[in-house]
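Please read the points below with the sequence and the model side by side.

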Amino acid sequence: ADALSRRHFTRGMSSNSRHTILDAAAEAGLDVADVEHMLNNTHEYTEDVWQSYRDTVGKHDIHSIPFFTFNGPDTNGGKFRTDGERSGELTVNGSGSTQQFLSVFERIKDRVGL
C-alpha cells in the first residue's frame with residue numbers, strides 16, 4: 001500500500017494503471033505474476049475490496065476527497081458557484097501532488113506581486 005500510495009500521491013502516477021500497480025508490487029516484494037493474475041481475474045477480490053473501503057471510510061468518517069479553490073483579490077470564482085461564474089480561480093483536487101499545490105502558491109505569489 002505504501003509503494004502504491006507513494007506513486008499516486010507523491011509522483012502523480014495513476015493508482016489504477018496496471019504499470020503503476022505492478023511496479024509498486026515489485027517494490028513491495030510481492031510476486032508480480034501473482035499480482036498480474038489477480039488483476040486479470042478482477043472479480044475474485046471485488047467484495048473484499050468494497051468491504052475494506054466501507055470499513056475505512058466509516059472508521060475515519062470520510063465523505064469525500066477535498067477540492068481546493070484558491071481565490072485572490074481579483075478572483076471570486078469556483079467550480080461549485082451556483083451562478084456558474086468562473087473568474088480566474090486556481091483549483092487543486094485534494095489528491096493533487098505536492099508540485100500541483102506548490103505551483104498554485106507560486107502563481108498566487110506572482111499575481112499579488114510578492
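**Notes on the helices and the pocket**

1. Helix H5 is followed by Gly113, a residue whose phi is positive, near 75 degrees. This is a predicted model, in which local features need pLDDT of at least 70 and side-chain atom pairs count only at pLDDT 80 or more, while totals for chains, interfaces and linings use all residues. Residues are numbered from 1 along each chain as its sequence is written, and side-chain values use heavy atoms, with hydrogens and water left out.

2. H5 covers residues 98-112, and because its 15 residues should span 21 Å at 1.5 Å a residue, the 21 Å between its end C-alpha atoms agrees. Helices here are DSSP runs (H or I, at least four residues), numbered from the N terminus, and the expected span is 1.5 Å times one less than the number of residues.

3. H4, with 14 residues, reaches 20 Å from its first C-alpha to its last, close to the 20 Å expected at 1.5 Å a residue. Just after H4, Asp61 takes a positive phi of about 55 degrees.

4. The axes of H2 (residues 18-27) and H3 (residues 32-40) come within 9 Å and cross at roughly 145 degrees; axes are lines fitted to C-alpha atoms, for helices over the stretch in contact, with angles from 0 to 180 degrees between N-to-C directions. On the H2 side the contact (heavy atoms within 4.5 Å) is made by Arg18, Ile21, Leu22, Ala25 and Ala26, and on the H3 side by Val32, Val35, Glu36, Leu39 and Asn40.

5. The largest pocket has a volume of about 1300 Å³. A pocket is an open set of points on a 1 Å grid over the protein atoms alone, where a 1.4 Å probe fits, with protein on both sides within 12 Å along at least five of seven lines; lining residues have an atom within 4 Å of a point. The volume is the space filled by probe spheres set on the points. Of the 29 lining residues, the closest to the centre of the pocket are Leu4, Ser15, Ile21, Val49 and Tyr53. H4 gives the most to this lining, with seven residues.

Technical notes: Helices (H or I, at least four residues) and strands (E, at least two) are DSSP runs, numbered from the N terminus.
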